[in-house]
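Welcome! Have a look at the sequence and the structure first.

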Amino acid sequence: MRDAILNFHTQFEFEPKIEYEENLGEYSSYIVCGMGGSNLVGDLLEIVSSGTDVYSHRDYDLPAMSEKRLKESLVILSSYSGTTEETISSYWAAKPKGLSIAVVSAGWRFLEIAKHDKLAHIEIPDIKIQPRMATGFNFLALLALMRKRGELADARMLANTLKPTEYEDRGKVLASRIRGKVPIIYASRRNRGLSYNWKIKFNETGKIPAFANVLPELNHNEMTGFDVVDSTRALSEKFHFIFLRDSADNEKIQKRMDVLGKLYRDRGLLVEDVAVEGDTPYLKIFSSLILADWTALYTGESYGVETEQVPMVEEFKKAIS
């Protein structure tokens, strides 16, 4: 896991090549079908490519959309392993409808399907890492399929500007501060992809419970669950809140974070402000995720758990097969 973090920036050296690119048309929206680590970047694209209609589908079959919208969309099947059951079902749901399909994978099964059907596809490198650590490859691949050439060129600059070692000490300190607590990560709705990625890192690498939510919606419900009284204090004290603070967020959202943080602290709750910083939107996103990786790694190591593999996922897959 440590090597995967240290070498993460090299993923942006990848030059995605689209096979059967001539079969790509023009689309008004994109449906990214994938599970787990193979579908972590769809929400991130909304941060850097505003106005692009991207729907992340994490389920069997296809999302409940009108036939018109489905016809106008490119269905992107994203599976690092190439064997994801739910994503395979999306293929079989999309094919008989005659929908436009593209594939992003490192695994032979989906690549063989793409070649057989002459689907536009990108083969990402199989460097024996966990799918959650392949977000660089996936990010570039999706930008390429969406023909976001300017954004693709800007993102590839991270190969030189993203320095994973610069965030290790901060991650180690943050891990020590949240040890013994359950992290809850808060962000703006615009940055919900970041908060969800942080949650996943804690779950899969740290092997601990973690949760995520977004403002302003949580101000209308979740926060009332932490209006501590003596009879509920023992419940609330189990959590440590991480606020992802972004100066690019709406000023009203930033004020809400200020006020909510004070309300929580006044009630004796633990609140951590973590700045989302960087000279470019791409550096802001992926430096935050590298910090999450280091924090999750040191969290897992502090509990003595295996931080790379996900044996419970494999156990579950065998049980349902």
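**Cores and aromatic pairs**

In the largest nonpolar core, which has 70 residues, the members that touch the most others are Ile-124, Phe-139, Leu-162, Trp-198, Phe-202, Leu-244 and Phe-286. Helix α13 gives the most to this core, with 12 residues. Please keep in mind that the model is predicted.

**More on the cores**

- Leaving aside residues up to four places away in sequence, Leu-244 touches Ile-185, Tyr-186, Ala-187, Leu-194, Ser-195, Trp-198, Met-257, Val-274 and Val-276.
- Another core, of 18 residues, lies apart from the largest one, and its members include Val-75, Tyr-91, Leu-99 and Ile-101.

**Phe-12 and Phe-286**

- The model has 18 aromatic pairs.
- In one of them, the ring centres of Phe-12 and Phe-286 are 5.0 Å apart and the planes stand at 70°, so this pair is edge-to-face.
- Phe-12 sits in the loop between α1 (2-6) and β1 (29-33), while Phe-286 belongs to helix α13 (residues 281-303); the pair links distant parts of the chain, 274 residues apart.
- Phe-12 counts as buried because its relative accessibility is 0%, and Phe-286 is buried at 0% as well.

**Phe-243 and Tyr-264**

- Phe-243 and Tyr-264 make an edge-to-face aromatic pair, with 6.5 Å from centre to centre and 80° between the planes.
- Phe-243 is in strand β8 (residues 239-245) and Tyr-264 in helix α12 (residues 251-266), so their pair ties together parts 21 residues apart in sequence.
- Both Phe-243 and Tyr-264 are buried.
- One aromatic cluster is formed by Tyr-186, Phe-226, Phe-239, Phe-241, Phe-243 and Tyr-264.

Note on methods
Residues numbered from 1 in each chain as written. Predicted model: local features only at pLDDT ≥ 70, side-chain atom pairs only at ≥ 80, totals over all residues. Heavy atoms only, no water. Phe/Tyr/Trp six-rings, centres within 6.5 Å; stacked < 30°, edge-to-face > 60°. Helix = DSSP H or I, 4+ residues; strand = E, 2+ residues; numbered from the N terminus. Buried < 20%, exposed > 50% of the residue type's maximum accessible area, 1.4 Å probe, protein only. Core = buried A, V, L, I, M, F, W, Y, C linked by side-chain atoms within 4.5 Å. Contact = heavy atoms within 4.5 Å.
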